[in-house]
Amino acid sequence: MRKVGIIGAGLVGAAAGYLLAITPGVREIVLVDLDQARARSEAQDIAHAAAFGGTAQIRAGDYADLAGAQVVVITAGTSLKPGQTRLDLLSANVHVVSAVLERVLKVAPETVLLFATNPVDVMPAIAVRRFGVPRGRAIGTGCALDSARFRDRLAQHLGVSPGSVHANVLGEHGDSEVLHWSGAHVAGMPLTLFAEKLGHPIPPDVQATIAQEVRTSAYRIKEGKGVSNFGIGGCIARLTRALLNDEHVLFSVSTFMDEALGVPETCISLPHVLGAQGASAPLLPPLDAQENQELRHSAEVLRDAIRHGLAA
């Protein structure tokens with residue numbers, strides 16, 4: 001049975017739970033939360049919605065019920081408030097995630113851990129360095145959602161489907177993230193060439209606008225509705241599906257690295273192949289000079305955050 005655990009039944013955990021309940025390949029979902037009444041109510045509500053077409057069984061449980069889970073998603077922790085950056089949550093959420101990991105790994109030591117708790121790029125390092133989890137089984141959602149936002153924004157500009165656009169965001173899931181313009185392509189052509197052929201060029205000012213919109217999406221969503229939950233919920237569901245079904249598909253996610261671009265012990269998002277065993281080694285694509293410099297800076301930001309997190 002393909003079983004998924006979700007730690008944290010708040011708005012992000014519940015959105016992920018619902019989407020996973022209608023995701024092919026998922027058979028059982030266990031919601032775990034300190035607020036057990038909340039977890040029970042969310043599980044019941046999701047089960048009623050999934051009954052219209054899903055096949056997964058969803059229930060509330062405790063940590064012991066995570067035994068045998070192929071994937072455990074961790075969303076528990078303090079949420080981002082307006083005016084905060086993801087790194088502002090570092091100290092509080094490292095303590096929360098460390099307590100969660102201690103309990104999860106006692107009952108599901110072989111599970112693949114998928115982190116959505118911010119700062120999401122620090123949490124895989126905590127799992128590897130503090131708890132000895134193999135780095136391929138400690139995965140941050142990282143820039144997978146940012147990459148989807150990038151593709152969606154490019155698709156709007158070009159007038160094509162997002163599925164036709166191949167483009168990634170690299171580095172920190174946060175303010176130092178790097179849009180990989182030089183590697184973006186559509187229809188087998190470099191993005192800029194395709195855009196010109198279509199009559200929708202992307203000059204530097206348009207690039208800057210798109211980059212700013214992608215980078216600040218979560219902040220703007222939170223200003224309007226207080227939380228960003230459906231985007232990350234969809235991201236969690238898609239990554240979990242890839243892991244459960246051994247799809248061997250590529251996503252820009254974060255894993256702990258001994259070194260990246262000369263920066264030691266960091267955890268930037270790079271393309272990884274996702275399958276039943278977790279994430280492959282990171283795959284660093286060709287970068288132009290500016291992207292190389294920006295990605296190195298992002299790696300340094302996360303190196304420093306990891307050091308602070310491990311000292312917390």
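Contact here means heavy atoms within 4.5 Å. The model is a predicted one, so local features need pLDDT of at least 70 and side-chain atom pairs count only at pLDDT 80 or more, while totals for chains, interfaces and linings use all residues. Residues are numbered from 1 along each chain as its sequence is written, and side-chain values use heavy atoms, with hydrogens and water left out.

Leaving aside neighbours within four places in sequence, H180 is in contact with F150, N168, L170, P285, P286, L287 and E291. The C-alpha atoms of H180 and E291 are separated by 7.0 Å, although the two residues are 111 apart along the chain. H180 sits in the loop between β9 and β10; strands (E, at least two residues) and helices (H or I, at least four) are DSSP runs, numbered from the N terminus. With a relative accessibility of 7%, H180 counts as buried, a label for anything under 20% relative accessible area, with exposed meaning over 50% and partly exposed in between (1.4 Å probe, protein chains only).

Next come the aromatic rings. Rings of Phe, Tyr and Trp (its six-membered ring) pair if their centres lie within 6.5 Å, and planes under 30 degrees apart count as stacked, over 60 as edge-to-face and the rest as tilted. By this rule there is 1 aromatic pair. F150 and W181 make up that edge-to-face pair, at 5.0 Å centre to centre and with 80° between the planes. Because F150 belongs to helix α5 (residues 144-158) and W181 to the loop between β9 (178-179) and β10 (185-186), the pair ties together parts that are 31 residues apart in sequence. Both F150 and W181 are buried.

Turning to the annotations, UniProt positions follow the numbering used here, with feature names shortened, and may be inferred rather than shown by experiment. An unreviewed UniProt entry gives "binding site" for G8, A9, G10, L11, V12, G13, D33 and N93. From this set, G8, A9, G10, L11, V12, G13 and D33 belong to the lining of the largest pocket. On a 1 Å grid over the protein atoms alone, a pocket is an open set of points where a 1.4 Å probe fits, with protein on both sides within 12 Å along at least five of seven lines; lining residues have an atom within 4 Å of a point. G10 lies in the loop between β1 (3-7) and α1 (11-21) and is partly exposed, at 29% relative accessible area. Beyond residues up to four places away in sequence, G10 touches D33 and R38.

N93, in helix α3 (residues 90-107), is buried with a relative accessible area of 0%. The side chain of N93 reaches the backbone nitrogen of T78 at 2.6 Å. The "active site" feature, again from an unreviewed UniProt entry, is placed at H173. H173 lies in the loop between β8 (169-170) and β9 and counts as buried at 9% relative accessibility.

As for the sheet, 3 strands form an open one in the order β7-β10-β11, with antiparallel pairing. β7 (165-166) and β11 (189-190) stand at the edges with a single partner strand each, so one side of each is left without a neighbour in the sheet. Two strands pair if DSSP finds at least two bridges between them, and β7 and β10 pair over 2 bridges. H166 stands opposite H185 in β10.

Methods. A polar contact is a pair of N or O atoms within 3.5 Å; within protein, one must be able to donate a hydrogen and the other to accept it, and residues adjacent in sequence count only if both atoms are side-chain atoms.
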